[in-house]
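Morning, everyone. Let me put the structure up, and then I'll walk you through it.

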Amino acid sequence: LVMVSRLNDAILITRELVKQRWNPMAVLSMGPGWYEDQYLRTLEKLSDGPMSFVPWYDPNKKLSKQLEAAHTKAFPDINLNTNHIYTFEALLVAADAFKRAGSTDPKALADAIRATDIKDNVSTGPGIASEAKGQTDKLRNSAIQNRGGKLVAVAPKEAANAKPELPMRPYDKR
């Protein structure tokens, strides 16, 4: 079952799958609904199994482990997600550019941002760098899977902290 849906639709679809006693081999999504904390809390064990293909963080990177530890300490009931990752990396880019520009001059800052080359980052991929037109083209998506109220990275292999569980466990056997 391949789906793109927001939170409320993901909850309704899952409840309907259970009601209809239909157990897909997998639920694959490119949207946020299936991995949001409210989906996990609302459906509890019924939320396990869906995989989302999204921009994510590499749980094996040193900085990711530090970010995850700090986030978990401050917000123990909230999973780290795409919004947190890219906000954190935007701050890394801004701080790095400001340091290299040595001023708040807009042109100097813009030039510094375009010259960004950060190797120690958290997102999946080799780092944060811009190509000639200023696009950050080295970022990669990950496959994440819901497991017991948490989210684990299952692909790409070098940025995974778990193996995919396929097929999904039938809803009536949970």
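I'll take the sheet, then the salt bridges. Keep in mind that this is a predicted model.

Start with the sheet. Five strands make up an open sheet, and the order is β1-β2-β3-β6-β7. The pairing is mixed. At the edges sit β1, residues 2-3, and β7, residues 150-155. Each of those pairs on one side only. Now look at β2, residues 28-29, and β3, residues 51-55. They run parallel to each other, paired over two bridges. For S29, the bridge partner in β3 is S52.

On to the salt bridges. How many are there? The count comes to seven.

First, D111 with K107. The closest N and O atoms are 2.9 Å apart. Both residues lie in helix α5, residues 106-114. They are four residues apart, about one turn of the helix. D111 is partly exposed, at 33% relative accessible area. K107 is exposed, at 55%. There is also a network here: salt bridges link K107, D111 and R114.

Next, K119 and D117. Their side chains meet at 3.0 Å, N to O. K119 counts as exposed, with 60% relative accessibility. D117 is partly exposed, at 46%.

Last, R147 and E165. Here the closest N and O atoms are 3.5 Å apart. This pair links distant parts of the chain, 18 residues apart. R147 is in strand β6, residues 141-147, and E165 is in the segment after β7. Is R147 buried or exposed? R147 has a relative accessible area of 18%, so it is buried, the cut-off being under 20%. E165 is partly exposed, at 48%.

Definitions and conventions:
Residues are numbered from 1 along each chain as its sequence is written. This is a predicted model: local features need pLDDT of at least 70, side-chain atom pairs count only at pLDDT 80 or more; totals for chains, interfaces and linings use all residues. Side-chain values use heavy atoms; hydrogens and water are left out. Two strands pair if DSSP finds at least two bridges between them. A salt bridge is a side-chain nitrogen of Lys or Arg within 4 Å of a carboxyl oxygen of Asp or Glu. Buried means under 20% relative accessible area, exposed over 50%, partly exposed in between (1.4 Å probe, protein chains only).
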